[in-house]
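Thanks for coming. I have one model to go through today, and I will keep to side-chain packing.

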Amino acid sequence: MKGLVHYGPEAWNMLQGVFCVYKPFDMTTGFLRKAVISNLCRDLNLLKPRPASPILAIEGNIGERLMVTEKENFADSPLALGPRYQPKDIKLSWAQYLQKDVSGVCVLGVNSGSKGTHVVRESRLIRKFTVSGQFGRATDNQFYNGKVLEKSKYTHVTRGKLTKAIMSIQSAHQQSSLAYLGLDPHSQEAYEVLSSEGLIRPGERSPPLIYGLTVVDFTLPDFTIEVSCINETAMFLKALVHDIGIKLKTTAVCTQMRCIRYGPWTLHHALLRKHWSLEHIINNINVCHPMVKLVKPKTAGLKRLYHLPVYKWFYERTPICTCLCPVLHIKFICN
């Protein structure tokens, strides 16, 4: 089903919901927000605007017959007010804040969709990152562009030793997650909670927790790991790479951090910068709408959501959830 939209207010009414974009490296989330709003205002103003509302004027003498006429309202003219759609008219919020050094999936909400981003934020969904590092040096900011403070040998590091090191880190974080429940890990009560609720997700703001670590690539001196975590920051991921180097009796710096999944949103749903336009964003809102409906605050972990029939079918059958609902593909006709 395809629709042709050439009227500005009609497109504005469709611009309500949650959508997903790909944040490039070396771009702040604030600059991304301004860029998206600027593109939306540009495309909305290219459409046919609403006509200026007329004013009513009463003409004639009091002793004679009075007439009510409509006159052109110059105060409501675009020549006086400027473009119909301005950046201050659009409300845009994000579900998670990605630092400048992090790229990848970024979930945004426009206008009434800001409520959806709040729900996504309160759901404490698990995020998945691919983090790349390099053995043999240490910098002052734990990132590759920092000042080198130390160099060391790394030829003794193997893939097996790296796997063993990240498994010990994952085990420590899994034990700390039980501490938020105040339960003994070896008790029957802790077993019942884990078996019924699945992954433990803090109900409030907590320190970063790691739920999974996997080695994706290992080619000395470079390596890449996959991190499933919650409440993380860019500094935490950089420190994680640094700690891995210390555990392996060498040094390591982070070279790349990319978010590849945020709950049900993956790279397949993220709009590239060239697609940050009104047409693509409205189509993406329709794609993301069923996923927002399935996200509830403080639900079970992402692993448990995956086993639901809808999510399991979604992940295995199609990279883009266009089959979950009839998506309205919009095309716009400018004046």
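I will start with the core and then turn to the aromatic rings.

This is a predicted model, so to speak of conventions: local features need pLDDT of at least 70, side-chain atom pairs count only at pLDDT 80 or more, and totals for chains, interfaces and linings use all residues. Residues are numbered from 1 along each chain as its sequence is written, and side-chain values use heavy atoms, with hydrogens and water left out.

The largest nonpolar core has 71 residues. By nonpolar core I mean buried Ala, Val, Leu, Ile, Met, Phe, Trp, Tyr and Cys residues joined through side-chain atoms within 4.5 Å; buried is under 20% relative accessible area, exposed over 50%, partly exposed in between, with a 1.4 Å probe and protein chains only. Leu162 is among the residues with the most contacts inside that core.

Now the rings. There are 5 aromatic pairs, meaning Phe, Tyr or Trp rings (six-membered ring for Trp) with centres within 6.5 Å; planes under 30 degrees apart are stacked, over 60 edge-to-face, the rest tilted. Trp12 and Tyr85 are stacked, because their centres are 5.7 Å apart and their planes at 25 degrees. Tyr85 is buried, at 13% relative accessibility.

Phe25 and Phe143 make a tilted pair, at 6.5 Å and 35 degrees. Phe25 is partly exposed at 40%, whereas Phe143 is buried at 0%. Lys238 sits over the face of Phe143, 4.8 Å from the ring centre; the criterion is NZ of Lys or CZ of Arg within 6 Å of the centre and within 35 degrees of the ring normal.
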